[in-house]
Amino acid sequence: MGPAPAGEQLCGAIVEPEVMEPALEGTGKERKKASSRKRTLAEPPAKGLLQPVKLSRAELYKEPTNEELNHLRETEILFHSSLLRLQVEELLKEVRLSEKKKDRIDAFLREVNQRVVRVPSVPETELTDQAWLPAGVRVPLHQVPYAVKGCFRFLPPAQVTVVGSYLLGTCIRPDINVDVALTMPREILQDKDGLNQRYFRKRALYLAHLAHHLAQDPLFGSVCFSYTNGCHLKPSLLLRPRGKDERLVTVRLHPCPPPDFFRLCRLLPTKNNVRSAWYRGQSPAGDGSPEPPTPHYNTWVLQDTALESHLQLLSTMLGSAQGLKDGVALLKVWLRQRELDKGQGGFTGFLVSMLVVFLVSTRKIHTTMSGYQVLRSVLQFLATTDLTVNGISLCLSSDPSLPALADFHQAFSVVFLDSSGHLNLCADVTASTYHQVQYEARLSMTLLDSRADDGFHLLLMTPKPMIRAFDHVLHLHPLSRLQAACHRLKLWPELQDNGGDYVSAALGPLTTLLEQGLGTRLKLLAHSRPPVPEWGISQDPPKHKDSGTLTLGLLLRPEGLTSVLELGPEADQPEAAKFRQFWGFRSELRRFQDGAIREAVVWEAASMSQKRLIPHQVVTHLLALHTDIPETCVHYVGGPLDALIQGLKETSSTGEEALAVAVCCYDDLSRLLWGLEGLPLTVSAVQGAHPVLRYTEVFPPTPVRPASSFYEPLRERSSLLPRLDKPCPAYVEPMTVVCHLEGSGQWPQDAEAVRRVRAAFQLRLAELLTQQHGLQCRATATHTDVLKDGFVFRICVAYQREPQILKEVQSPEGMISLRDTPASLRLERDTRQLPLLTSALHGLQQQHPAFSGVARLAKRWVRAQLLGEGFTDESLDLVAAALFLHPEPFTPPSSPQVGFLRFLYLVSTFDWKNNPLIVNLNNELTAEEQVEIRSGFLAARAQLPVMVIVTPQDRKYSVWTQDGPSAQILQQLVVLAAEALPMLEKQLMDPRGPGDIRTVFRPPLDIYDVLIRLSPRHIPRHRQAVDSPAASFCRGLLSQPGPSSLMPVLGYDPPQLYLMQLREAFGDLALFFYDQHGGEVIGVLWKPTSFQPQPFKASSTKGRMVMSRGGELVMVPNVEAILEDFAVLGEGLVQTVEARSERWTV
């Protein structure tokens, strides 16, 4: 009998005592075979750790060469450190194109050029006569309205030019796009083609004819249409090679007019080029009112005229300056990690390239700067310059005929003019997008200025998807509702300007409306940019409503988030009418305590979780009132995970209020302890040491009043005993409180005597609390349980010198030395470090109200995966605290939802093997001390636990992870977190709703060898299960809490007691896993080492049977008997023992 091969079961991944692989490597690898396991076990324990390079003495003291000196000087001037330089150089190597790939792309471009110029011409026809188009191709443009003047003929392009970042050497992997401008011959175009979309119609027909002929060529594996930067009036043709190079490159063909064909004065932002009579089908108004300007339409025409001039400008400025090119590449990586460069109106790589050119022209960047310095300079400029207020221009001309910047500010949200002075490069960028860029630049500059060791990784290697960067998100779906919003907001001129694109037309007014309504609750509002679609040449172009979902991200201010009142102006002020108009029927007159009568809006929210969701009420109210978007089309994602930490009967609260009640009761008790009279020594400190008192208990306690029918009263001890014929009573856990007594010369110096004195104090404490305050108490030698207002507190008396007394070791010569012992370390942890940690985390909760929800969700998830036994409460609380104290590159979470997502990301990506997790509570550790801690960590790594968490009070030993997790348990948690994160993010970003949010909390049971199923009757926390039962057993609590004279049963949890027995009896053969919050299943994994035959010994026959192998008596586990013992040990509690026989062999 023995275990199955390691590749077939996960138990090997958890049980084998091998060195854990780094987190990022372990998540996607297949399990190693048993043979490789054996090799791993034989390797030294330091394998995989970062080791210093060994140099000989001669190498160590060799004089540096001139080249090395120059390199060091350059590093000192241009970079923070040599490490940062190495990181930047490696990143640039990774994202740059290799010379071999460039040669293959150049060859493909030559082939494209030859084929494009050979496409046959087409005779001239009316624009509306498109019968000449072959049946297999559609015009890649919505021709609405269809009737338009003008003629079209196809002629091969007069010039084919490669434009964009490929020639400049600033394009980055993995998506390599090469832009090719096709200059249409002048004969195709006519003087008034700038009017009424005529130029865009001709451009689309030109592409359609090209597509038809190129699609028949065997050179191309894919020929399809897309939109240029998401602009639906400007399609482009995408060509990809056939065969193995299909993913190598995408060539984008952009037809453009001949140079100087369009007169620039006709394309000013104040001019109209889409006539209302043509677009709306109405006769022109007879009142002489001017046509509305079409600034975006004019810009899209101008963009095509400037492709080559922009390339020339960029190549002149960046051509020979490698540092500038590196800076542009780094900026593109920075934008991509933050999803700022994708979709319609994104802050593209072209924009940052032009921004670098602007900063070079204004001498804020020098051509000799390194890529890192360019990155810093551009981020500093973005962080401090608001282009929505003060636009910038590359135009150096002082010609008075040029349009003024003010004209552009009137027409566009963001202004950045090119060298002609006519084209706004940021025309499609919304104010929200630019403010998001600004905000990210500020965060990045703060990170760079902090000179953090991991600054490079946080800045350029950490992705920031919207769902993880923003506290709440909301999806507007379907997008067709925005059409009604445009009508309600009377956005006719904007629709005319955008060619009917109601999503772009409504986006600006929509975000402005919500920013005004959310006011002080909001730090930043961002919107997703509709993705740029691709479609086949035989398909109609996608409609606006097909561009998916509009997602808005809300970054909230915790200080203003929970206010239920929107305070308006006084009733007699002229602003009152505007306030009433903005808020509609929600606005009402109210008299306040100062006597003022004001307009006000009051939102319905009783609990903290409801107050966190007030933005949901604001958003749905304003959208319905002003844009006719009903609540059914707004899918708000702010609190779907709240259900996992809601109390048994609570549906509107996530427990913050219950925790606050318990903390208040503790405060009252501490005051009573301070004021006790009759103690021989006065109380010097009262400190909480329980998760409830730092707001991180997953399910907060409620005041208990036991029902007498569930218990046998033990009057002589004033306590209760559970009755066997009743279901298991409610679980009551006492809250630990450490009570320090003042120092005195009367304290004995012997450890045993100190314990006896403490026991006497425990008894005296119980007497005085009963006599002076009428509290029900029960004293033992180590603690005193006190029942107050339905809560039970466990008071432990502490003497500050006792840990030191336990450290004293006397030598045979009588010399006394101090040495850490397990008892002294445990006592110091429980009486000094734990209260300090509880106090620090209590303060963190006051500063960041979302901390409680994040820590509780994190613990709920870890325990739901049946891994809770491996992690202490304190270790998980500290991991959650790290998200608030070191949130870079994010800001501290303001909602449990986003905090939990970041918890999963941190657990799954942190390099636990080579780095300690430093949690700088109260900001007590300086940067130098943190460097020292990291150095000490690497030197002592082999002696430290697998998971190392450092705090200001615990800089060396990681006391909260000394007892676990093991390498295999931590690795299993890393794997589970890496699987849960994308699944949960996908659910939350689904516009139709998140579906079953509990999926990621359900444990994978198929990895276990044996499943022990328990009876819900004897699971006291059954209702706390992930899938909470619709009905459960009564747990012997009266519905109306009141004073009780009897102490409830404390810490009585049959599954936990059963687990202790299982581990004691079979811990050498198997591992046991259980979810303490209502789990109905205990998972069992056999230890593979226990199945190896062992020599016969009469003293170790427990759970084993004797077999003869090779003429020798050996012992192997007797699985059938063990399974029977599982059931016998848990008689009454265990329903079934389910053996997965395929997971172990006989």
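This report describes sheets, a helix, a loop residue and salt bridges in one predicted protein model.

Residues are numbered from 1 along each chain as its sequence is written, and side-chain values use heavy atoms, with hydrogens and water left out. Because the model is predicted, local features need pLDDT of at least 70 and side-chain atom pairs count only at pLDDT 80 or more, while totals for chains, interfaces and linings use all residues.

## Two open sheets

Helices (H or I, at least four residues) and strands (E, at least two) are DSSP runs, numbered from the N terminus, and two strands pair if DSSP finds at least two bridges between them.

Another open sheet has four strands in the order β31-β32-β30-β36, with antiparallel pairing. Here β31 (1070-1074) and β36 (1134-1139) are the edge strands, each with a single partner, so one side of each has no neighbour in the sheet. Neighbouring strands of this sheet are turned by 20 degrees against each other on average, direction ignored. Five bridges join β31 and strand β32 (residues 1081-1086) in the antiparallel sense, with A1070 opposite W1086 in β32.

## A covered strand and a covered helix

In the descriptions below, buried means under 20% relative accessible area, exposed over 50%, and partly exposed in between (1.4 Å probe, protein chains only). Strand β14 (residues 550-556) is mostly covered, since seven of its seven residues are buried. In a regular strand the side chains alternate between the two faces of the sheet. Both faces of β14 are covered, with L550, L552, L554 and L556 buried on one side and T551, G553 and L555 buried on the other. Strand β11 (residues 472-476) pairs with β14 in the antiparallel sense over five bridges, and H475 stands opposite T551 in β14. Strand β12 (residues 522-527) also pairs with β14 in the antiparallel sense over five bridges, where L552 is the bridge partner of H527.

Helix α15 (residues 371-384) has 14 residues and reaches 20 Å from its first C-alpha to its last, close to the 20 Å expected at 1.5 Å a residue; the expected span is 1.5 Å times one less than the number of residues. This helix is mostly covered, as 10 of its 14 residues are buried, among them Y372, L375, F381 and L382.

## A buried loop residue

T961 is found in the loop between β29 (949-950) and α35 (967-988), and at 1% relative accessibility T961 counts as buried. Its side chain makes a polar contact with the side chain of S958 (2.5 Å); a polar contact is a pair of N or O atoms within 3.5 Å, where within protein one must be able to donate a hydrogen and the other to accept it, and residues adjacent in sequence count only if both atoms are side-chain atoms. Not counting residues up to four places away in sequence, T961 touches S875, P945, M947, V948 and I949, contact meaning heavy atoms within 4.5 Å.

## Salt bridges

Side chains of opposite charge can pair when their charged atoms come close. The structure holds 47 salt bridges, each a side-chain nitrogen of Lys or Arg within 4 Å of a carboxyl oxygen of Asp or Glu. The table lists examples.

| Salt bridge | Closest N and O atoms |
|---|---|
| D217 and R115 | 2.7 Å |
| R756 and E752 | 3.3 Å |
| R863 and D873 | 2.8 Å |

R863 lies in helix α31 (residues 851-864) and D873 in helix α32 (residues 873-885), 10 residues apart. Salt bridges that share partners join R694, K859, R863, D873, E874 and D877 into one network. Both D217 and R115 are buried, whereas R756 is exposed, with a relative accessible area of 60%, and E752 is partly exposed at 34%. R756 and E752 both lie in helix α28 (residues 751-773), four residues apart, about one turn of the helix.

Technical notes. Axes are lines fitted to C-alpha atoms, for helices over the stretch in contact, and angles run from 0 to 180 degrees between N-to-C directions.
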